[in-house]
Amino acid sequence: MYVKDCLGQQFIHDCQQLAQSIVPSYAPDLVVGICTGGAIVAKQLLVSGILHANYVELTAQRPSTHYKKKIHLDLLLCWLPKWLCNLLRIIEMKRNVMAFDPLRVIQRHVVLADEDKMMICMARRLLVIDDAVDSGATLRTVCEFLQHINPNAELRTAV
């Protein structure tokens with residue numbers, strides 16, 4: 001597995017490529033960014049001018065994220081060399097993929113503002129954006145959540 005470094009112009013370029021791969025076959029009227037990484041990608045897709053849609057974001061956290069925040073792991077990680085952070089992320093991804101059982105998906109806690117819920121209810125075509133996929137559990141949880149809110153919407157994902 002590889003953690004791609006997407007900063008600056010490379011990030012903008014990669015987002016433009018992603019947007020161009022979406023547009024020929026799908027024109028969403030609402031883009032849903034999964035915080036935090038997916039929201040950054042989604043906003044850049046919209047800024048590129050290639051996608052034209054309304055935007056909302058939501059949070060879908062796995063239980064381990066709660067513990068990382070509780071012990072302020074981010075304060076430690078910012079001091080580690082980039083190669084070590086990437087290695088830790090790869091280990092976390094591999095652990096999550098190996099532990100993934102489609103029959104026992106760890107439910108994420110989804111948080112969405114009420115006004116954004118109304119936008120989702122009115123949308124016909126939803127595009128869910130995330131920055132990475134480990135096991136697919138976050139995307140699955142978010143898609144199920146959105147389909148519960150608006151069962152008639154056409155729903156697609158991009159990562």
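In which sense do strand β2 and β3 pair, and over how many bridges? Strand β2 (residues 54–61) and β3 pair in the antiparallel sense, over three bridges. The model is predicted, so local features need pLDDT of at least 70 and side-chain atom pairs count only at pLDDT 80 or more, while totals for chains, interfaces and linings use all residues. Residues are numbered from 1 along each chain as its sequence is written, and side-chain values use heavy atoms, with hydrogens and water left out.

View 1. Five strands, in the order β3-β2-β1-β4-β5, form an open sheet with mixed pairing; strands are DSSP runs of E of at least two residues, helices are runs of H or I of at least four, and both are numbered from the N terminus, while two strands pair if DSSP finds at least two bridges between them. Because β3 (109–111) and β5 (154–158) each have a single partner strand, they stand at the edges, and one side of each is left without a neighbour in the sheet. From one strand to the next, the twist averages 25°. The bridge partner of Q61 in β3 is H109.

View 2. Helix α2 (residues 37–47) lies across β1 (30–35), β2 and β4 (125–129), and runs at about 145° to β1; contact means heavy atoms within 4.5 Å, and axes are lines fitted to C-alpha atoms, for helices over the stretch in contact, with angles from 0 to 180 degrees between N-to-C directions. K43 forms a salt bridge with E57, their closest N and O atoms being 3.5 Å apart (a side-chain nitrogen of Lys or Arg within 4 Å of a carboxyl oxygen of Asp or Glu). Since K43 lies in helix α2 and E57 in strand β2, the pair ties together parts that are 14 residues apart in sequence.

**View 3. The two sides of helix α5.** The buried residues of α5 are I90, E92, M93 and N96, where buried means under 20% relative accessible area, exposed over 50% and partly exposed in between (1.4 Å probe, protein chains only). These residues cover an arc of only 165° around the axis, which puts them on the same side of α5; the arc is that of the directions from the helix axis to the C-beta atoms. On the other side of α5, W83, M98 and A99 are exposed.

View 4. The side chains of R140 and E144 meet in a salt bridge at 3.4 Å, N to O. The two residues are four apart in helix α7 (residues 137–149), and therefore separated by about one helical turn.
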